[in-house]
Amino acid sequence: MELARRVQQLPPYLFARISALIAEQRAKGVDVISFGIGDPDLATPDYILDSLKRAADVPANHRYPETEGLPEFREAVARWYARRHGVTLDPQTEVVSLIGSKEGIGHFPLVLVDPGDSVLITDPGYPVYEVGTMFCGGESVKVPLTEEDGWLPRLEDIPEDVARRAKFIWLNYPNNPTGAVADLAFFEQAVAWAKRHDVVIAHDLAYSEVTFDGYVAPSILEVPGAREIAIEFNSLSKSFNMTGWRIGMAVGNATLVDALRRVKSNLDSGVPQAVQQMAITALDGPGDSILAHNEVYRRRRDRAVEVLRALGLHVEPPKASLYIWARLPEGERSSADYAGRLIAQTGVVVTPGISYGPAGEGYIRLSLTLADDRVEEGLRRLASFARGEQVL
Ligand SMILES: Cc1ncc(COP(=O)(O)O)c(C=O)c1O
């Protein structure tokens, strides 16, 4: 049996080495604390769960959904965009449901990429962007991001021929893994640049509601004329603690939305309707749960920043996202080595920045999505490690 090249080419699971160290520690009886995964520990709010329970009793919801989503779901998304972003969307043509935004992000390259085509991907970045392109036989061209530039790409520095050859570019603000944010002026420049070079923009807005200190994340569709060249992916996962329910949406350019719907209709049969009902309730709801959750993350963020600074890492408190992105102390070169030492000596797991691309080397990422007492214990161990004490 010979597996397809696309499977053989899947990037080696960079976390494998860390996983082995975790297993080793657990075998020794160490209580391992993981800041590795961005999956909210907080529960889906009760009023959203209640709508699922009601929807479970409706026989129509026991049957196949439509790929594009219920009209009521698409209308709720349009209402959300109008209220939250001041953007008017046609629910018939400019909205499609997704089985979580990851599904849409993974499948989107099928809409634009033929073998040999290229896609611009910011580095460091969410790994699914690159894999989706590789599955289509396309080439990912990395656009390196730097701390000095606030982790925003210098689009004007992309060589003319590289920009012209690219079918589309992935942008993601608020950003995973860096926690960086982009203002509307950045998106205005990006849209103008994309139009000049005939490049589509796919914007991933999955962290739009996880924001702190009064920051409000814009949608790229707030830029006049953006929908001529842009599609935006969003999700209920992080905004409403709904990672387990798998629902998101792609909105924007009608040709791209329709093409994605057509691709998907050949691969999946849509989001369970009862889950769409949850999403409608969430999107139309009061939004105070978002504020309450963000307050929890903000407290954890501030505590983590304090402890990481004591460890000699350079870190700025992010305005958004679930992540702390920290530069290794002077003299430390390998994020994987550093993460490995933390596990071995403290039983605390962080993600090496290299896992998100070569430009992530020299950094580590901590996710703030574990229960308060686990965050406290993890940070206590790191603080004690910083003081040179034996932790385990
Ligand atoms: C940047 C980014 N986009 C998209 C997703 C996918 O989220 P979901 O499929 O739950 O909507 C994630 C998940 O961690 C992410 O970090």
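Contact is defined here as heavy atoms within 4.5 Å. The model is predicted, so that local features require pLDDT of at least 70 and side-chain atom pairs count only at pLDDT 80 or more, whereas totals for chains, interfaces and linings use all residues. Residues are numbered from 1 along each chain as its sequence is written, and side-chain values use heavy atoms, with hydrogens and water left out.

Leaving aside its neighbours within four places in sequence, N176 is in contact with G125, Y126, Y207, Y323, Y356 and R365. The side chains of N176 and R365 are joined by a polar contact of 2.8 Å (a pair of N or O atoms within 3.5 Å; within protein, one must be able to donate a hydrogen and the other to accept it, and residues adjacent in sequence count only if both atoms are side-chain atoms). N176 counts as buried because its relative accessibility is 5% (buried means under 20% relative accessible area, with a 1.4 Å probe and protein chains only). N176 is placed in the loop between β5 (166-171) and α9 (184-197); helices (H or I, at least four residues) and strands (E, at least two) are DSSP runs, numbered from the N terminus.

Strand β5 belongs to an open sheet of seven strands with mixed pairing, in the order β2-β8-β7-β6-β5-β3-β4; two strands pair if DSSP finds at least two bridges between them. At the edges, β2 (95-98) and β4 (139-144) each pair on one side only. Within this sheet, β6 (residues 200-204) and β7 (residues 230-235) pair in the parallel sense over four bridges, and I201 has A230 in β7 as its bridge partner.

Key:
Buried means under 20% relative accessible area, exposed over 50%, partly exposed in between (1.4 Å probe, protein chains only).
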